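User: Could you walk me through this model by way of a few questions?

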Amino acid sequence: MPRIKIKVERRLIVSKKLPALISIISAIAGILAGGLLFLIVGRSPLEAYAIVAEVFSDPKSLMGAVEIGIPIMFTSLALVLPFRMAFFNIGGEGQFYMGAIGAMIPVILYWGGVDLPHGLYLPIMAILAALFGGVWALVPAFLRAKWKVNEILTSLMMNFIAWQFIWYLVSPGGPWNEANPAFKERYLAYLKEQGVSIIPGFKGTPLVPEFARPPVIPGTTISSALILAIIIAIIMYFISTRTLLGYEVRVVGESELASRYAGINYMRLVLIVMFISGVLAGLGGFINLSSDLLKLTPEIAAPGYGYAGIIAAWLSRLNPIACILVAVFFGALTQVGYTMQQYLRISHFVSVGFEGLIFLFLVLGDFFIHYRVRLIRGE
Amino acid sequence: MTIISEDTVVLLKDIVKTFPGGVVANDHITFDLKRGEIHGLLGENGAGKTTLMNILYGLYKPDSGEIYIKGRKVKISSPKDAIKHGIGLVPQHFKLVEVHTVIENIILGLKEYGFVLRVKEAEKKILELAEKYGFRIDPKAKIWQLSMGERQYVEIIKALFRKADILILDEPTTVLTPQETKQLFNVLRKMREEGKSIIFITHKLDEALSLCDRITVLRKGKKVGTVTPDKVTKVDLAKMMVGREVLFKISKEEKKIKAKEPILIIEDLNVLSDKGVLAVKNISFKVYPGEILGIAGIAGSGQEELAEAIAGLRKPVSGKIIIKGRDVTNASPKDIYELKVAYIPEDRVRVGSLPNLSLWENLILKHHRKEPLVKNKIILNFKEIFKFAEERKKEFDIMAPNIYVPARTLSGGNLQKLILARELTGNPDLILAVYPTRGLDVGATEYVRKILLRERDRGAAVILISEELDEIFQLSDRIAVIHNGELMGIVPAEQATIEEIGLMMGGALRKQSS
């Protein structure tokens, strides 16, 4: 009887098309495997597949997917440069929060009675968000460059600090809580106009007023932030492939030793790269706040956009253009989850498990980019 | 049915191995090993030696061909199979757990030493083997405490513990001092007397001639022939290996440039090693334009730290480094190379190059901030960059399909050419060459040496750190000898003798610096 052996070999040459092909196959395999979860809870996997097919074929759902994906575009683009230089910034989440905090400042001032021309709100919020995120990201960069403190730990821990800072700001009695008497005059009047009232004990700021929300792209429901994300992706692509900065980032990522020997100033480079990274994550926070959340609350942490950015950046293999597409894919999966809960009345956990399985398969797929598996007929 | 004599313990018949991308690493190679012989496998880097041995050891599967072990046709699909057939491999880069002891490394994975390790028994057996073959080893020492020579013995014992009677040694002398090499050869000869059969992979002609019973030469994946050392000369072997005549003596011109002003002055320099002990002790010397100062010494005597201090990669504890009249003792690597200092580092892969980046990315390193390679200090000017890279590739004869392939695809010799191409751009005034020919084949070694002489004749000051006395004598104008971090003296090359330098290297002789 012939014995069949499985042999794993390292691929010596990886073609350019292979990673994309493997990602697509992995995603399909993940979707098929996700159907098993439905079997376990006593439903037909076909129902799940039907929803996937529907979301990916319905323009309206796809539009929703793009919308959900926008913050992830920012948080994943933020990681292109740091990851290329092997600086593992896990702090996108905190930089995202800080961006939202920065963006909130003019809004808070507005409700407190300080007026600016309406047209200036969006640019000022964006600039403050960028600065807040950027400066927040400098801390782990400096600690790493100066004392070799592990950036994974510091950037991660700073996420919690930023989140607690939001708690402090928005909790009842906090300076930014919507019930703060400073907002009383203007904000209460506004709420009355809308026919609503403040919720006692609510942990959150007042609303972002209409004029401080980015407009939607005409004819769609998508925020114009998408255009900003695409412009940033193109700039990031240009920076990483065509500039001195991108080159030095590659050199450091390949060998810190060789870069030191080539006279590349690590401190300077890491500060620039992390500032850019924090700026982009911070802008993500601004977009999320001003077009989706509309109030700064600790709920900003619920979707974990900063963490999703890590996976998205990784799946796009640090290609900025791919970051946009992968983020939309993330959005589509979230849509799938929503739709499943809505139409199939299925537990939240099943739909999240479904998404998780797809990601697991995508990550596993990476193995096949570097290795080939062959079946060998033995004697 | 192939009839195989009893003496033939290994027969590789018509082995073919093609790698993806179409490189034929082994093209119908037939190789046999007799009981109790040392069979040299000689060839340049990339000739297919290691591939052939990896096939025998089960790491690669041949496309076609047959393997016979002790007269029986076998299939070896993993190292486990190879070990079962009594084959042991001592890899070029040791695979030992550095924080574990010798015993622990040797019995790692051996079932008969049990879940609760039978350490005492293993220790006794290790000491027996050491005595039998005439080397010394402390079974309780941690690997990191051992010299490279000692680590090699650990790998050999590991193979013997797995009952190997066919030993493959892959370039075993690359990391050894001359003394350690001599000792290893004695051990191998004793093993031969015991009836062990040994395959000795090398590219060093002298070693193959002095140690082996037969020598098989490979070139570009093909077998050139099998010879016995008494029938061939070094020149014949080199010709078989390289495919053309090789010069062993490089003609060196009289030193023409007589400069009074030194390029480099080192004064009372003290430098620490990574472990925090003094590696360079109170060293002072000067180097002048148009000369090669050879620094001889056993590897690890402080030469590497000295070179790193000059290149700005290691801060000295005290003393002075003056380049072209400027005190650069605490300057950054960038300040130093901007004074036109080239550095050819010991570690070509991790320090000297960026393995996963393309040739052009490697070639512009250190020049990448300069016009016209970069516009306005921001944007890369690809037209100029590719022109620059193509010119370097051509000038230094780097063998690669194009400038876009990653540097890791280059052979050792071509990688060194790449580093030379980058470092010698812009006609440096001082060149620090640290073990520039280590691990290179004959052709590449010859090339590197010629380039260093060319640079000297152009007027550059060259510091050549080497462990090969041949090389030091061939190239140097003056020879400085370092022992245990101290400078034992500097001798003009024409007055030096190998004996004298050897004594100084061992610390037994000290000469007044001239």
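Below are some questions and answers on domains, a sheet and contacts.

This is a predicted model, in which local features need pLDDT of at least 70 and side-chain atom pairs count only at pLDDT 80 or more, while totals for chains, interfaces and linings use all residues. Residues are numbered from 1 along each chain as its sequence is written, and chains are lettered from A and ligands numbered from 1 in the order in which they are written.

User: Which residue stands opposite Val341(B) in strand 19 of chain B?

Analyst: Strand 16 and strand 19 (residues 430-434) of chain B run parallel, joined by 4 bridges. In strand 19 of chain B, the residue opposite Val341(B) is Leu430(B).

User: Which element gives the most to the side of domain 2 of chain B that touches domain 3 of chain B?

Analyst: The domain bounds come from an automatic or database domain assignment, which gives domain 2 as 247-340 + 427-514 and domain 3 as 349-422 in chain B. Their C-alpha centres lie 26 Å apart. The contact (C-beta atoms, placed from the backbone, within 7 Å) takes 9 residues from domain 2 and 5 residues from domain 3 of chain B. With 4 residues, the element that gives the most to the domain 2 side is helix 14 of chain B.

User: How many residues does helix 10 of chain B give to the side that touches chain A?

Analyst: Nice one to check in the viewer. Across the two chains, 26 residues of chain B are in contact with 16 residues of chain A. Helix 10 (333-337) and strand 18 (379-380) of chain B are the elements that give two or more residues to the chain B side. The largest share comes from helix 10 of chain B, with 3 residues.

User: Which residue takes a positive phi in the hairpin of strand 9 and strand 10 of chain B?

Analyst: Strand 9 (residues 214-219) of chain B pairs with strand 10 (residues 222-227) of chain B in the antiparallel sense over 5 bridges. Leu218(B) stands opposite Lys223(B) there. The hairpin has 2 residues between the strands, and the residue with a positive phi near 50° is Lys220(B).

Definitions and conventions:
Two strands pair if DSSP finds at least two bridges between them.
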